[in-house]
Amino acid sequence: MADLLSRFHDFGTEIINAYHLQGFRVISEVDGEPPSTTILILEPMKLDRKYISVFKLWYRYYKQNFPDQKVIVLGFHAFNHPNYVNLYDFDGDFDRVIRNAQTNIAPEDFPQDGIDICQPISVFFEGHGQGTVISQLAVISTSCEVLYQVDEDQVIEFVPELDAAFDLVFKRWTKYDCYFRLTPFFKEIDRIRTSFLSVHSQIRNLNYVLKSDDRNIITELKKCSNSLRLIYNRYIKPETSVENPHT
């Protein structure tokens, strides 16, 4: 099955390149830059040796943020829908496809090849039995609040737990970065990650001794947590609006 998907993916990429598509963006590789025009998504996407389905996530994102945009799937199923192109039996008239495509569709009815990208991203948020990313950020925020209040000679007592929480979040972020790059909100995720790295660097540079003038650290951590929670609740598990996402 994997070999067949690989051949389909390569064949689809050849078709896309052959037509030199203009006026809209084709999402066919690891690319987190959201297009500003009609979106064509080659399904499945290839990620190392995995095959990933991203269509439902991209449609959900654009339905919420750009409801007038058209999201079209390029695939290999005999599926009849104005927003689906069977590349195995296609005459190349992309202008007709775009003209007839709809803005409101039922993505759950579309065929799916590969793993739904929301599955691995959910694991990033929900954890591996070590608590959620959001809960680890809460641990970090709480530890920082304590650091504001204790004497300098007591700071060392709180450093191990704080470093462990930072380390866990960093490792998880590194592991799942390749999946985030396939999402329409990759820039926002990368911005949050950069802010988080900056906070960690500030704390280390201060030798974990936080004063009242360093309250911006807590503010930035809360912004990171809130932004991640928003992404999870709006796009990954919109049916589960919770403070600390978990299974």
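**Entry 1: His 200.** I began with the neighbours of His 200 and found that, leaving aside residues up to four places away in sequence, it touches Asp 163, Phe 166 and Phe 170, where contact means heavy atoms within 4.5 Å. I noted that this is a predicted model, in which local features need pLDDT of at least 70 and side-chain atom pairs count only at pLDDT 80 or more, while totals for chains, interfaces and linings use all residues. Residues are numbered from 1 along each chain as its sequence is written, and side-chain values use heavy atoms, with hydrogens and water left out.

I then placed His 200 in helix H7 (residues 186-205); helices (H or I, at least four residues) and strands (E, at least two) are DSSP runs, numbered from the N terminus. His 200 counts as buried because its relative accessibility is 14%, given that buried means under 20% relative accessible area, exposed over 50% and partly exposed in between (1.4 Å probe, protein chains only).

**Entry 2: H6 against H7.** I looked up how these two helices pack, and their axes lie 12 Å apart at an angle of about 155 degrees. Axes are lines fitted to C-alpha atoms, for helices over the stretch in contact, and angles run from 0 to 180 degrees between N-to-C directions. H6 and H7 are therefore roughly antiparallel to each other, a label given to angles over 145 degrees. Among the residues that make the contact are Asp 163, Phe 166 and Phe 170 of H6 and His 200 of H7. I recorded that the residues of this contact divide into 13 nonpolar, 1 polar and 3 charged, where Ala, Val, Leu, Ile, Met, Phe, Trp, Tyr, Cys and Pro count as nonpolar, Asp, Glu, Lys and Arg as charged, and the others, Gly among them, as polar.

**Entry 3: two other residues.** Ala 164 also lies in helix H6, and I noted it as partly exposed, because its relative accessible area is 46%. Ile 156 sits in the loop between helix H5 (133-149) and helix H6 (159-180), and its relative accessible area of 60% makes it exposed.

**Entry 4: the sheet.** I found an open sheet of 3 strands in the order E3-E4-E7, with mixed pairing; two strands pair if DSSP finds at least two bridges between them. E3 pairs with strand E4 (residues 50-53) in the antiparallel sense over 3 bridges, and Leu 47 stands opposite Lys 50 in E4.

Methods
Parallel < 35°, antiparallel > 145°, perpendicular 65-115°, else oblique.
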